[in-house]
Amino acid sequence: RASTYYDLLNLPRPRGKLVAAVYGFRDQSGQYKPVPASSFSTAVTQGGASMLMDALQTSGWFRVLEREGLQNVLTERKIIRASQGKPDVAKNILHELPSLQAANLLLEGGVVAYDTNIRSGGEGARYLGVGTSVEYRIDQVTVSLRAVDVRSGEVLANVMTSKTIYSVGRNAGVFKFIEFKDLLHLEAGYTTTEPA
């Protein structure tokens, strides 16, 4: 878990929870992973709405209504209504369905930019065939989120924030002649990348 998750847990408790809905939190950057990885895979997650709903519930400030899969909820309610008139109706659907709850707050936005290779570089040294090197790359993700009052349509708050994503690669190698025709060449390395 990132440190922001624990920040959400440590928020002060609200006097009452806000009823909020998230219809979608799309990737609006249009960026794809660089070739040769894949020219068809997006660089940014397509599960932004799920992440946002998780953050809203974790904060303890919101009652989140399902809207991204609203069609599935409506279909299930139709099945229940059709079954209720039958004599062998299941016990869990005996009672009449309450109406769906409306949201007071609508959360909109998305990932608006994904900039790759903002800065890259590295350093290394080799002496008598033995050496190490370090390379790094910095990408940046920009997210926009706004809260909209459902009754008036007014944007109550708008936030745009950026996060840098660091990728670091470390390498070590040996390149030595052991004897006249015997060459030793060893390499080891690893790369770490923050989740986008």
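Which residues make up the largest nonpolar core? Before selecting them, note that this is a predicted model, in which local features need pLDDT of at least 70 and side-chain atom pairs count only at pLDDT 80 or more, while totals for chains, interfaces and linings use all residues. Residues are numbered from 1 along each chain as its sequence is written, and side-chain values use heavy atoms, with hydrogens and water left out.

Select A20, V22, F25, A49, L52, M53, L56, F62, V64, L105, L107 and A147, the twelve residues of that core; a nonpolar core is a set of buried Ala, Val, Leu, Ile, Met, Phe, Trp, Tyr and Cys residues joined through side-chain atoms within 4.5 Å, where buried means under 20% relative accessible area, exposed over 50% and partly exposed in between (1.4 Å probe, protein chains only). Two or more residues each come from strand 1 (18–22), helix 2 (48–59), strand 3 (62–66) and strand 4 (105–127), helices (H or I, at least four residues) and strands (E, at least two) being DSSP runs numbered from the N terminus. Helix 2 contributes the most, with four residues.

Next, centre on F62, which touches K17, L18, A20, L56 and L105, residues up to four places away in sequence not being counted; contact means heavy atoms within 4.5 Å. A second, separate core of six residues can then be picked out through members including V19, L65, L106 and V148.

Move on to V159 in strand 6 (residues 155–177), which counts as partly exposed because its relative accessibility is 48%. Beyond its neighbours within four places in sequence, V159 is in contact with V143, S144 and L145.

Finally, select L183 in strand 7 (residues 183–193), which counts as partly exposed because its relative accessibility is 43%.
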